[in-house]
Amino acid sequence: PKDTVRSALQQAGLNQSQFRTRTQVCNSLLPAGTSQPTLNAQQEQNSLNAAECMRSHGVTNFPDPTFPDGHISLSIPSSIDQNSPRFTHAAQICTKLIPSGLPYS
């Protein structure tokens, strides 16, 4: 089974903000011309569908991701308990909507 974003970050000992910061730092160290692949319209829609799925499974204030420069950005507010059974259950269901290999899949 796929790991949820929360459990993957927990295993790494990071919260969402720390992960985003470290990703930005690491990306800045990549050789020129190297970057994460940009998402196409269908991949963006899959991510939006996953966010809607989270809301429909009880995580009512789960935000939609944004797509600056074709990359996904998702900031989960601290008011959402990512350790709650409701969040974990919803994430197990909803991350299946994002194809493997994409961010948050």
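Begin with the whole molecule in surface view: the accessible surface of this protein, a predicted model, comes to about 6,500 Å². Carbon and sulfur atoms account for 53% of that surface. Of the 105 residues in the protein, 33% are buried.

The protein has 4 helices and 0 strands, and its elements run α-α-α-α from the N terminus on. Where contacts join residues at least 6 apart in sequence, 54% of them link residues at least 24 apart.

Now select helix H3, residues 41-56, together with helix H4, residues 85-94. Their axes come within 9 Å and cross at roughly 145 degrees. The crossing of H3 past H4 is right-handed. To see where the two helices meet, display the side chains of Ala-50, Cys-53 and Met-54 in H3, and those of Phe-87, Ala-90, Ala-91, Ile-93 and Cys-94 in H4. The residues of this contact comprise 8 nonpolar, no polar and no charged.

How many aromatic pairs does a search of the whole structure find? The search finds 1. The pair consists of Phe-62 and Phe-87, and its geometry is tilted, with 6.3 Å centre to centre and 45 degrees between the planes. Phe-62 lies in the loop between H3 and H4, whereas Phe-87 belongs to helix H4; the pair thus links distant parts of the chain, 25 residues apart.

Finally, colour these two residues by accessibility. Are they buried or exposed? Phe-62 has a relative accessible area of 9% and is therefore buried, the cut-off being under 20%. Phe-87 also counts as buried, because its relative accessibility is 4%.

Notes
Residues are numbered from 1 along each chain as its sequence is written. This is a predicted model: local features need pLDDT of at least 70, side-chain atom pairs count only at pLDDT 80 or more; totals for chains, interfaces and linings use all residues. Side-chain values use heavy atoms; hydrogens and water are left out. Axes are lines fitted to C-alpha atoms, for helices over the stretch in contact, and angles run from 0 to 180 degrees between N-to-C directions. A crossing is left-handed if the near helix is turned anticlockwise from the far one by less than a right angle, and right-handed if clockwise. Contact means heavy atoms within 4.5 Å. Ala, Val, Leu, Ile, Met, Phe, Trp, Tyr, Cys and Pro count as nonpolar, Asp, Glu, Lys and Arg as charged, and the others, Gly among them, as polar. Buried means under 20% relative accessible area, exposed over 50%, partly exposed in between (1.4 Å probe, protein chains only). Accessible areas come from the Shrake-Rupley method with a 1.4 Å probe; for residues, only the protein chains shown count as cover. Rings of Phe, Tyr and Trp (its six-membered ring) pair if their centres lie within 6.5 Å; planes under 30 degrees apart count as stacked, over 60 as edge-to-face and the rest as tilted.
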